[in-house]
Amino acid sequence: MPSLLFCGPKMAACGMVISIWGVIMLAMLGIFFSAKSAVLIEDVPFTEEDIRNDKNPPQNIYALYNQVGINCFIAAGVYVAVGAVSLCQVRLNKRQEYMVT
Amino acid sequence: MSSLLRGEEMCLAQLFLQSGSAYDCISELGELGLVEFRDLNPNVNAFQRKHVNEIKKCEEMERILGYLLREIKKAHISLPERDMNPVAPSPKHIMTIMEQLQKLEVELGEVTRNKEKLQKNLLELTEYTHMLRITRNFVQRTTEQEPLQVHYEEFPFLEKDTRMDYSSMQRLGAKLGFISGLIQRAKIEAFERMLWRVCKGYTILSSAEVDEYLEDPDTGEPTKSVVFLISYWGDQIGQKVKKICDCYHCHLYPYPSSNDERNDVVEGLRTRIQDLHTVLHRTEDYLRQVLIKASESVYTWVVQVKKMKAIYYILNLCSFDVTNKCLISEVWCPVNDIPRLRRALEDGSRKSGATVPSFVNRIPTTDTPPTLMRTNKFTSGFQNIVDAYGVGSYREVNPAPFTIITFPFLFAVMFGDLGHGVIMSLFAFWMVRYENNRKLKNTRNEIWNTFFEGRYIILMMGLFSVYTGLIYNDCFSKSLNIFGSGWSVKAMFKAGLWTNDVLRANHFLTLDPNVTGVFKGPYPFGIDPIWNLASNRLTFLNSYKMKMSVILGIIHMSFGVILSTYNHRHFRKNYNLYLVFLPELLFLLCLFGYLVFMIFYKWLVFTAKDSRHAPSILIHFINMFLMQGEAVQPLYPGQTGLQVFLVVIAVLSVPVLLLGKPVYLYWLQNGGRNRLGMYRGYERVRRNSDEELCLLRSEDMEEGSSHSDLTSSGEHLSEEFNFADEFLHQAIHTIEYCLGCVSNTASYLRLWALSLAHAQLSEVLWAMVMRVGLRMDTTLGVIFLVPVFSLFAVLTVSILLVMEGLSAFLHALRLHWVEFQNKFYSGTGVKFCPFSFSLMPSSFEHDGLL
């Protein structure tokens, strides 16, 4: 079985750190978007028409909020996967270091 | 009393060491790291000192150890664990170590030389084999080409003979000779040309490249060589060819005259090469074994030699007493450690088996002792950053314990972001948690070492940044709405001021706090989150942060001025309290303290209703100096009178500061001389043998009055008091202080500037990076958001944490060093460097060999 190790120990550690940070921060962003926080209004991709042509305001904007929130949750999920890969790399690196010395 | 506030009390002590036990006593002292030795032979050259031979021996051993370590490193042998700490060897053992090292050196040298010789032999044999193999191809080629060749009229007989036949050549009277060998590929062209020019066509050169790389014996690099075969007519040509070959550093080998001879030689060579390979292999194995055996004890030897050399160096600093039986040395020692010093000397004497013990004796001195601050792993970082500016003078107030809180606080005021503070704290927590991990402690990377040494500072900075992040309500440039905003937009609609038409017609609308229900009260902790959505956010925050910076600055500076009282009282200069401290404090508080008072007054007294006619504090402050109270509406009744009073006091305190101290000292000097002399004499009788008197006198005489020469006998008390010098010194101090008050107050505005910069950078990063990822359509959005977040994370760490962090660190440090410390700190002391083996780095570690 060819070696599954493709990055060194420092790269794997960086990957771990960014994954953990990504999971926590994107999950919290997802929660805040789902809670329709006003501070995040600039990050929601709404246009003038959304506001004007709204049948029952503010449902359009709320729908957009939910969309972005779900995006964030999915990205958090991707980072969980990246974190798992990084964890594997870290373990493999440790094992290789142990075997050599 | 010794504490972090003031530094340890030090004394000068004399050690009387018996000759036999001097070595062991100093070894004990080196292990403990208690005292700092003074050089008693400053006029003696390094080569004239007593123990110069022993030091030479130590250096010889270090040379051998360096050679050993380099060989071990070349052979890629790893050294075993380095946790042990062997003591310095006694002089008897030094000879054994020296012998062992010399034996090892000789052995290693021999084996290495043998190996090189064998390798050279191998190379020669390999080259010879190549040459034979390749020239066989030449011969075969020429024999093959024979039938195809055209008639050469000049040499018609060659057609008949298919083999090179010497006899037919000799019949012609010309002798055909062959020279064969190898030459470096780079030189073959020039070689060929030279041959042609010199021998004018009487030689034929055939050459072919060797396929594999051969190691060049001189440089050790693999090079390509070319095998050549020169056939020539005549002896003289032969001589010339040989000389040319010499020039070009060719390796010549005898050319076999017949095929059978060639085959024999090839067989012989093959066996010899095989033998050589075996011998070489065995030699390398033996060398490796020798090195492995040496590597087990090399670290112990390194430490022992280092300690030995240090002890002899210290022994060189001592001097002999009159009887020549015992060594005297002078040391600086903390007063509290004298019992430990005595015990160490007893231990040393006992170990060396001396009958007469060595002892220690305190002696009075007028020299200023070095400064020692005892720190633990937490306080040492802060002490280091204070010492970087200047080590404190002996027994003056140490700013370090206050810096533990004020420095992270001022950093956090400039850094103030909750998210960044959390990341910084986590990084510092990780370093603190793994601080005993050897890999982290012993890396060579300078930058990493700097961060690691300051891990507690970074931890404090991070925690304080979390606090100020909550106050500024800033987390990755977004505000957190924890308690519910104090502003209500709905109330504007309820009051009828805003309708849908108003909304459509205007881009920007202002919430009016005077309308009922709009402003429900201040946010409980920090800045209201609604300001994150406001377009006039910076206008509000700038005013708030500027005032906050000035307030913090005045408090910090006043604290510095108050700390100077500790120094005045400790050094028994109570007149300084009235003539220096009081005018300074009055000047600072009457002018800038009043400014702070006005800021608070305006904040408390004026509400939203009065906002239209709220006064500008700056105008009032300027009018205070210009004495124009009538131009504007007073803030409170009696303001004009109070301001005039404060200005008068401030102005009056300047001449007091300028002239008070010099005049008082002059009066003391001349007017009160008799009284002074009697007072001093009385003190002298009372405290005859107390060193306190000497130190007291020395401290009294150092400050202020410049005394040219106070001899150590100190009997004549007529102090040289130079009025001009003292006056000049005080004038400089006054000007510096008064102008400094104004400029330093303005300097604290960097607290506002940097926090604004940090907030803006953070906002720009979010808007340009994260927002792009979040505003994408769903289909692409998710895939795009993942790398966008990575980019955001990397940029946050590199720009906002590292760059802004370093910037805020630097400015907070500058505020401490200049604005805070120039109010009370002189920082002209010398740091106490104890003689301790653990503090001495090994030169091998520096070279990366250990």
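This tour moves through a predicted model, selection by selection.

**Domains of chain B**

Begin by colouring chain B by its domain assignment, which gives domain 1 (10-110 + 283-362), domain 2 (122-142 + 174-278), domain 3 (376-480 + 776-819) and domain 4 (535-671 + 724-745). Next, select domain 2 and domain 4 of chain B; their C-alpha centres lie 95 Å apart.

For a residue-level view of separation, select Asp264(B) and Leu582(B). The two stand 318 residues apart in sequence, and their C-alpha atoms are 109 Å apart in space. Asp264(B) belongs to helix H8 of chain B. With a relative accessibility of 56%, Asp264(B) counts as exposed.

**The second largest pocket**

Select Ser836(B), Phe837(B), Ser838(B), Leu839(B) and Met840(B) and centre the view there. Of the 44 residues lining the second largest pocket, these are the closest to its centre. The space in this pocket comes to about 1600 Å³. To see which elements contribute two or more residues to the lining, show helix H1 (22-32), helix H8 (259-317), helix H10 (379-387) and helix H14 (446-453) of chain B. Colouring the lining by class gives 16 nonpolar, 14 polar and 14 charged residues.

**Annotated spans of chain B**

Select residues 94-128 of chain B, to which an unreviewed UniProt entry assigns the annotation "coiled-coil region". In the model, this span is 100% helix and 0% strand, with its end C-alpha atoms 51 Å apart.

The unreviewed UniProt entry also carries the annotation "transmembrane region" for residues 409-432, 453-472, 548-566, 578-601, 644-668 and 780-803 of chain B. Two of these spans may be selected in turn. Residues 548-566 of chain B are 100% helix and 0% strand, and the end C-alpha atoms lie 28 Å apart. Residues 780-803 of chain B are likewise 100% helix and 0% strand, with 33 Å between the end C-alpha atoms.

**Annotated spans of chain A**

Turn to chain A, where UniProt (unreviewed entry) places the feature "transmembrane region" at residues 12-35 and 68-90. Residues 12-35 of chain A are 96% helix and 0% strand, and their end C-alpha atoms lie 34 Å apart. For residues 68-90 of chain A the values are 100% helix and 0% strand, with the end C-alpha atoms 32 Å apart.

**Helix H20 of chain B**

Return to chain B and select residues 617-626, which form helix H20. Its buried residues are Ile617(B), His620(B), Phe621(B), Asn623(B) and Met624(B). They are on the same side of H20(B), because they cover an arc of only 165° around the axis.

**Two residues with positive phi**

Finally, select His249(B), in the loop between helix H7 (235-247) and strand E8 (251-253) of chain B. Although not a glycine, His249(B) has a positive phi of about 55°. Then select Phe476(B), which lies in the loop between helix H15 (455-472) and helix H16 (490-494) of chain B. Phe476(B) is not a glycine, yet its phi is positive at about 50°.

Definitions and conventions: Residues are numbered from 1 along each chain as its sequence is written. Chains are lettered from A and ligands numbered from 1 in the order in which they are written. This is a predicted model: local features need pLDDT of at least 70, side-chain atom pairs count only at pLDDT 80 or more; totals for chains, interfaces and linings use all residues. Side-chain values use heavy atoms; hydrogens and water are left out. UniProt positions are given in the numbering used here, feature names are shortened, and annotations may be inferred rather than shown by experiment. Helices (H or I, at least four residues) and strands (E, at least two) are DSSP runs, numbered from the N terminus. On a 1 Å grid over the protein atoms alone, a cavity is a set of points where a 1.4 Å probe fits but cannot get out, and a pocket is an open set with protein on both sides within 12 Å along at least five of seven lines; lining residues have an atom within 4 Å of a point. Grid points are joined across faces, edges and corners, and a volume is the space filled by probe spheres set on the points. Ala, Val, Leu, Ile, Met, Phe, Trp, Tyr, Cys and Pro count as nonpolar, Asp, Glu, Lys and Arg as charged, and the others, Gly among them, as polar. Buried means under 20% relative accessible area, exposed over 50%, partly exposed in between (1.4 Å probe, protein chains only). The arc is that of the directions from the helix axis to the C-beta atoms. Domain bounds come from an automatic or database domain assignment.
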